[in-house]
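This briefing covers selected packing features of one protein chain. Please look over the sequence and the structure before reading on.

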Amino acid sequence: EVWAQPVRGADSSQHARVVGVVGATSVGKSWLVGKLLGGRVAQPSRLEEHFDGVTLQSMTSDVNLYTDSDNVVYYIDFEGTYGTQPLMLQAQHGAELLERCPDPKAWEEKRRQLLKDCFQPAVAYLTCNVVMFMTREKLVCRRSLEECEHFAQAANARVHSALPPALVLIQNCCRPSEGIFKTPQCTEAFLRTHPSSDLLGWQKFFRSIDCFCIPDEFLTCKRTGFDGEEVCAEVLASLRRTLAARLEEDVAYRTQHQVKISQVQWFSVLSSLCRAINDRERVQMSSIYIRTSYVCDGLGELKSALLQLTTRASGADRVRRAVSAGAGLIARFAVRRDLPAEELRRSVAYLLALFPCGAPAPDSVERFDGSRQRVLCGQLRLFHSALHRSCTLVRTVNADWLQGLGEWFRGGITHAWPGDFACRGDFQEFDDFGKLWAMVEQEVEAYKLERCLEGLAPQVGAPWILRAHRSLRGLGLRLRRDSPRMCVVCTARGVEPGFFARMWLTADGDRLPACEHCYGLMEKHSLCDLDSSVEAAVEPRDRVCGSCVPRGAWFRRDDSTQSRLADHRVFPCRCPVCGPCAAAVVGADAAAGCPLCGQSVLRIVDERALLRTGWAVAVERSGASLAASTHGRSCGVPCSGPRSST
């Protein structure tokens, strides 16, 4: 129920602002959430420990979600790291691990370790704008630093790309003699107490760090005049202001990286992330954001396809083909969607932002699979901050036996080290906006010509499809009929799948989506394999002449009959006919109309010559043929090949 109400009240026009509260068991996470909610009592799922009829302890169970009174900020109250049954228990590998433990005590210990190492840190770090880490240890002590470091390392163990959140460290139930209750002084004392060498291991994972000391609200001291309730209220007010400022900064930071997540979309991101964690996959938040079209300028379909084109490119030849294919896709999208110049520039800049970083990792790590290849960063420029992340799972070279054993059990970790973006070597040739812009402009002009030749036809013709095939060829990908997603050939919008259809959707993999029309034409000419090195064996035509091929009411077309390609088009009805039929119409008397629909014929265009020369080749009828024919109906067959008017 704590999740059902926020889901029902989610607003698609409101930015998702999420604060996660993590920490050990019984440090006061639920109490703090209740205070931040304006005095409302947080009622999370609980598990109570009893002994001889007496309740010893009541602890938060699972992951609980709350919203403030204005439905603007989400607060996630995570189960304590030494607490009770987590949501992670639903994971397959978690269940396999736990079912081998017949001893309840051993089962609980393994479950808690699983929660602490896998589920809670990753979900809190990757889905929250601000992470509040609560502890009862003194902030100036080494123990609090170790807890933060463990959380940061566990959250980023298998993360390949992510936007860092802000961190708020809170010492709860602080004594007056121990704490500094002014936020700037508390943060300054924390950073001054711990040397930079100790902070270097985990501080890089967060955009900012703020520290708070919250006293026991029931603690008073008559001698010093300390009033715990009053000081606690002041610290909480300062905490609310800091959270509001950090949330707005994070929303602006994500918008700068072209990520805008609404409240409704945030739940989908959370679902995708939990699925990736449960499957023990490396997490790429850039893929989760882009593939679900959660971007700020409404070009989500295009950006998702561009990511799929560039994400597997490696080697100079394959990268050259991928960049050329991306430029062609942007051009097709711009021509078919009438994209404004500003949106076109933004799309080209986005293609440039998909180039990966090639900074080498330090010699202290090596590939986990034993390969001797150098470990590179691999993060996209779009999500790259001042932190590199290894593109493959690695292990520490000179690790002690305990660290090495932990990395071995995890199947490798993602190593992070500080540094700025450095474009990978095979992409450096195209790492220039002017060069990419010139490529896209050239493609746009070519596709504009193809569109002009096609006239007002709602669907693209064979010349457009052949040009798109040449652009997409050699990428190691294949086409598949996929109507829910944008077609990469004609950029037709995808059709929203129904509930049951969505359940059977498969991952993208190495398949590019194509609509029914484009896939049918490419399948007819054996062009669905984009790795083919030869062009179509037949001339590009959209259909067979329907005038000279026998059809019946109860019979399909007789494929054994010599079929003639419809390489001419009759105007104004736009019916496709073959050459002999066109010659018959030209040589007929004035009363003869279109052999398919019977409408009067104004002109006949030889599309074969049009495709060969790029100019209209028309055969005019005599003046008497312009008289209205006795047949006035139209066949209704849309023109999908090139047309022109004289």
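The model described here is predicted. The points below take up this strand, a helix, the nonpolar cores and a helix pair.

- Strand β5 (residues 73-77) pairs with β1 in the parallel sense over 5 bridges. Within that pairing, Ile76 of β5 is the bridge partner of Gly20.
- Strand β6 (residues 130-135) also pairs with β1 in the parallel sense, over 5 bridges. Here the bridge partner of Gly20 is Val131.

**Helix α2**

- Helix α2 covers residues 29-36; 6 of these 8 residues are buried, so α2 is largely enclosed by the rest of the structure.
- The buried residues of α2 are Lys29, Ser30, Leu32, Val33, Gly34 and Leu36.
- Gly38 follows α2 and has a positive phi, near 90°.

- In soluble globular proteins, nonpolar side chains tend to be buried together.
- The largest nonpolar core has 118 residues, and those with the most contacts inside it are Leu169, Trp202, Trp266, Met285, Leu436 and Val489. Helix α12 gives the most to this core, with 11 residues.
- Apart from neighbours within four places in sequence, Trp202 is in contact with Leu145, Cys148, Glu149, Ala152, Leu167, Leu169, Phe190 and Ile209.
- A second, separate core has 27 residues, including Val19, Ala24, Val130 and Leu239.

**Helices α12 and α16**

- Helix α12 (residues 316-337) packs with helix α16 (residues 462-472) at an angle of about 150°, and their axes are 8 Å apart.
- Angles over 145 degrees count as roughly antiparallel, and α12 and α16 are therefore roughly antiparallel to each other.
- On the α12 side, the contact is made by Arg321, Ser324, Ala325, Gly328, Arg332, Val335 and Arg336. On the α16 side, Trp464, Ala468, Ser471 and Leu472 take part.
- By type, the residues of this contact divide into 5 nonpolar, 3 polar and 3 charged.

Notes:
Residues numbered from 1 in each chain as written. Predicted model: local features only at pLDDT ≥ 70, side-chain atom pairs only at ≥ 80, totals over all residues. Heavy atoms only, no water. Axes fitted to C-alpha atoms, helices over the stretch in contact; angles between N-to-C directions. Helix = DSSP H or I, 4+ residues; strand = E, 2+ residues; numbered from the N terminus. Parallel < 35°, antiparallel > 145°, perpendicular 65-115°, else oblique. Contact = heavy atoms within 4.5 Å. Nonpolar A, V, L, I, M, F, W, Y, C, P; charged D, E, K, R; others polar. Core = buried A, V, L, I, M, F, W, Y, C linked by side-chain atoms within 4.5 Å. Buried < 20%, exposed > 50% of the residue type's maximum accessible area, 1.4 Å probe, protein only. Pairing = 2+ DSSP bridges.
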